[in-house]
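The structure comes first, then the reading.

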Amino acid sequence: MKKFLPWIVIGILAIGLYSWGKGFNNTAVEYEADAKTEWSKVESAYQRRADLIPNLVATVKGYAAHEKETLEGVIKARSEATKTTINAGDLTPEKMAQFQQAQQGLSGALSKLLVTVERYPELKADKSFLELQSQLEGTENRINVTRDRFNDAVNKYDIYTTKFPGKILASLFGFEEMARFKSAPGSENAPKVEF
């Protein structure tokens with residue numbers, strides 16, 4: 001029996017290490033999948049906004065046909081924003097920054113369009129425009145909520161894969177830190193409002 005004792009100890013250690021590694025890997029895979037699911041919800045919210053824009057532009061065009069430059073700016077920004085996508089499995093900080101920049105361009109163009117609308121009281125009273133504007137505001141809120149949930153899921157995954165000793169297993173199994181949404185540069189300063 002003494003002869004087999006070292007082999008029994010080695011076997012128990014091997015089973016323990018295997019169980020620990022398997023448990024770590026499975027949990028990390030689950031957290032990573034949760035973060036990717038939240039990312040798909042972010043993309044879905046942005047897609048909803050992109051889908052609303054053609055109707056909004058068409059409604060505004062009927063009232064403000066001579067605002068051609070503003071309308072074309074929105075259409076171009078929408079095209080750029082929908083062209084920039086990220087694979088959920090490849091959420092690098094660089095690609096995330098590129099995606100956010102395209103979305104910020106669209107947000108800026110929409111803001112300019114909505115400021116332009118202020119010059120058309122009959123448009124502001126149009127039922128279809130008011131409904132589109134309301135849907136767009138709701139979508140912007142959804143975008144914010146989904147970005148927050150995405151960041152929460154990424155945080156859970158990153159904490160799990162970077163704490164010791166999990167960090168060692170994460171590097172062995174190929175789990176890397178995921179990028180988060182960050183605020184636009186300058187957004188920490190309150191906007192200047194002048195009347």
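A residue counts as buried when its relative accessible area is under 20%, as exposed when over 50%, and as partly exposed in between. The model is predicted. Phe-175 is buried because its relative accessibility is 11%.

**Aromatic pairs**

The structure holds eight aromatic pairs.

| Pair | Centre distance | Plane angle | Class |
|---|---|---|---|
| Tyr-31 and Tyr-160 | 5.3 Å | 85° | edge-to-face |
| Tyr-157 and Phe-175 | 6.4 Å | 65° | edge-to-face |

The pair of Tyr-31 and Tyr-160 links distant parts of the chain. Tyr-31 sits in helix H1, Tyr-160 in helix H5 (residues 127-162), and 129 residues separate them. Tyr-31 is buried at 17% relative accessibility. Tyr-160 has 25%, so this residue counts as partly exposed.

Tyr-157 also belongs to helix H5, while Phe-175 lies in the segment after helix H6 (166-173). Their pair therefore ties together parts 18 residues apart in sequence. Tyr-157 has a relative accessible area of 0%, so Tyr-157 is buried.

**A buried glutamate**

Where is Glu-38 found? Glu-38 is part of helix H1, which spans residues 5-63. Its relative accessibility is 15%, so Glu-38 counts as buried. Leaving out residues up to four places away in sequence, Glu-38 touches Arg-149, Phe-150 and Ala-153.

Methods
Residues numbered from 1 in each chain as written. Predicted model: local features only at pLDDT ≥ 70, side-chain atom pairs only at ≥ 80, totals over all residues. Heavy atoms only, no water. Helix = DSSP H or I, 4+ residues; strand = E, 2+ residues; numbered from the N terminus. Buried < 20%, exposed > 50% of the residue type's maximum accessible area, 1.4 Å probe, protein only. Contact = heavy atoms within 4.5 Å. Phe/Tyr/Trp six-rings, centres within 6.5 Å; stacked < 30°, edge-to-face > 60°.
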